[in-house]
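Trainee: Please take me through the structure shown below, one feature at a time, and state each criterion as it is needed.

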Amino acid sequence: MPVVLVLLLLLLLFVVVVLAKTVRIVPQARAGIVERFGKYKGSLPAGLNIVMPFIDKVRYMIDLREQVVSFPPQPVITEDNLVVSIDTVIYFQVTDPVAATYEIANYIQAVEQLTMTTLRNIVGGMDLEETLTSRDAINSRLRGVLDEATGKWGIRVNRVELKGIDPPPSIKDSMEKQMRADREKRAVILTAEGQRQAAILTAEGSKQSAILSAEGDRESLILRAQADRESQILRAQGEGQAIQTVFQAIHDGRPDQSLLAYQYLQMMPKIAEGDANKVWIVPSEIGKALEGLGSTMTELSGIPKDVDGPRVRVDMGSSTPKIPDPADPTLSSTHAAVEEAIAEAKGAAIGKDSAAGASTPPVDPEVPPNQ
């Protein structure tokens, strides 16, 4: 009984091993290379596959997906004898698993070595500046060479990229100094252009301000003179009207010697108010003096002896002040003379500006100053 059990167990184990050797599961996007007695037998597609146990053997599992390989930086000498360090990235895909297995021992190492040699050949014909600015051209040429060389290996190169191009530290320092000097030069040029434009605008503003100030002063003086002239005319007319009114009042009142004596007595306190009048003596003959003064003033022209006659008013004209008409020929001629003098002054100023502009050579704002 134990012997039968052992045999059953051995048979079961054998069946399991045979099934394991017979049934092979290949993942998606993979390909299995089957060899029979060391010779290529066929390729297993993705999924469940049946092989002959102990006769067929799945030697390799090839990945059919696109792969990305980054190679370490490699020193490359340019045409102007400068050593630059370039690292690359290759995107490739296995299209023929059989060729990738039997045509090349290690296609990853082969692609790496081919990339380095081709890169040295391409960059060796360029100087440093061309190398730094021709990444697309280098990528295209490198991809063409690699795709052509790896076609027989069952590999298709889809894309080649240069991750970095690092020149020597001394060259980097020189390039940074050159770039800094160029930027400082452009900054100085822009600053000078800005200062020039600012000076021009400031001068133009000062000129316009001076012109406007002069015109304002001129208008102010003209208006002030006209106002003074009209105010003097109105003041003179007012004084004339006041004199005429006083004269008419005196004429209407028909003054006699009693009124004059009364006015004389009213003026005496005002005469005594002066600072220089310290002592005032009133004579005893003041009555006789007033009587004599009245008799003397009666004989003066304009003061009639007889005040009982009829009153006749003197015609003094209109009492409304007469303002000079702007259309007065004298005032018009004065204004015309002022305008002509201003026009001559403006013409002289424009002639001076034109002569100054002609003596100064034109400057092109687009052309920077000589460095």
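Mentor: We begin with solvent accessibility: a residue is buried under 20% relative accessible area, exposed over 50% and partly exposed in between, with a 1.4 Å probe and protein chains only. The model is predicted, so local features need pLDDT of at least 70 and side-chain atom pairs count only at pLDDT 80 or more, whereas totals for chains, interfaces and linings use all residues. Residues are numbered from 1 along each chain as its sequence is written, and side-chain values use heavy atoms, with hydrogens and water left out.

Trainee: Is F54 buried or exposed?

Mentor: F54 is found in the loop between β4 (47-50) and β5 (56-63); strands here are DSSP runs of E with at least two residues, helices are runs of H or I with at least four, and both are numbered from the N terminus. Because its relative accessibility is 54%, F54 counts as exposed.

Trainee: What is the phi of F54, a residue other than glycine?

Mentor: Most residues other than glycine have a negative phi. F54, by contrast, has a positive value, near 65 degrees.

Trainee: Where does N81 lie, and what is its relative accessible area?

Mentor: N81 also has a positive phi, near 60 degrees, and is a residue other than glycine. N81 lies in the loop between β7 (74-77) and β8. N81 is exposed because its relative accessible area is 65%.

Trainee: How many helices and strands are there in the chain?

Mentor: The chain has 371 residues, of which 22% count as buried. Its secondary structure comprises nine helices and nine strands.

Trainee: Among contacts between residues at least 6 apart in sequence, what percentage join residues at least 24 apart?

Mentor: A contact requires heavy atoms within 4.5 Å. Of the contacts in the chain between residues at least 6 apart in sequence, those joining residues at least 24 apart make up 69%.

Trainee: How many aromatic pairs does the count come to?

Mentor: Rings of Phe, Tyr and Trp (its six-membered ring) pair if their centres lie within 6.5 Å; planes under 30 degrees apart count as stacked, over 60 as edge-to-face and the rest as tilted. By this rule, the number of aromatic pairs is two.

Trainee: How many residues apart in sequence are the parts that Y40 and Y102 tie together?

Mentor: Y40 and Y102 form an edge-to-face pair, 5.9 Å centre to centre and with 70 degrees between the planes. Y40 lies in strand β3 (residues 39-44) and Y102 in helix α2 (residues 97-102), so the parts tied together are apart in sequence by 62 residues.

Trainee: What are the relative accessibility of Y40 and the relative accessible area of Y102?

Mentor: Both values fall in the intermediate class. Y40 counts as partly exposed because its relative accessibility is 34%. Y102 is partly exposed because its relative accessible area is 38%.

Trainee: Are F92 and Y107 buried or exposed?

Mentor: F92 and Y107 form an edge-to-face aromatic pair, 6.1 Å centre to centre, with 75 degrees between the planes. The pair links distant parts of the chain, 15 residues apart: F92 is in strand β8 (residues 83-94) and Y107 in helix α3 (residues 107-123). F92 and Y107 are both buried.

Trainee: How are α3 and α5 placed relative to each other?

Mentor: Two packed helices are described by the angle between their axes and the distance between the axes. The axes are lines fitted to C-alpha atoms, for helices over the stretch in contact, and angles run from 0 to 180 degrees between N-to-C directions. Helix α3 packs against helix α5 (residues 135-150) at an angle of about 140 degrees, with the axes 10 Å apart. Angles under 35 degrees count as roughly parallel, over 145 as roughly antiparallel, 65 to 115 as roughly perpendicular and the rest as oblique, so α3 and α5 are oblique.

Trainee: How do the residues of the contact of α3 with α5 divide?

Mentor: On the α3 side, the residues include V111, L114 and L119, and they meet α5 residues including I138, R141 and L142. Ala, Val, Leu, Ile, Met, Phe, Trp, Tyr, Cys and Pro count as nonpolar, Asp, Glu, Lys and Arg as charged, and the others, Gly among them, as polar. The division is ten nonpolar, three polar and one charged.

Trainee: Which residues is A110 in contact with, leaving aside its neighbours within four places in sequence?

Mentor: A110 is in helix α3 and counts as buried because its relative accessibility is 15%. Its C-alpha atom is separated by 9.8 Å from that of W153, 43 residues apart along the chain. Apart from neighbours within four places in sequence, the residues in contact with A110 are I104 and W153.
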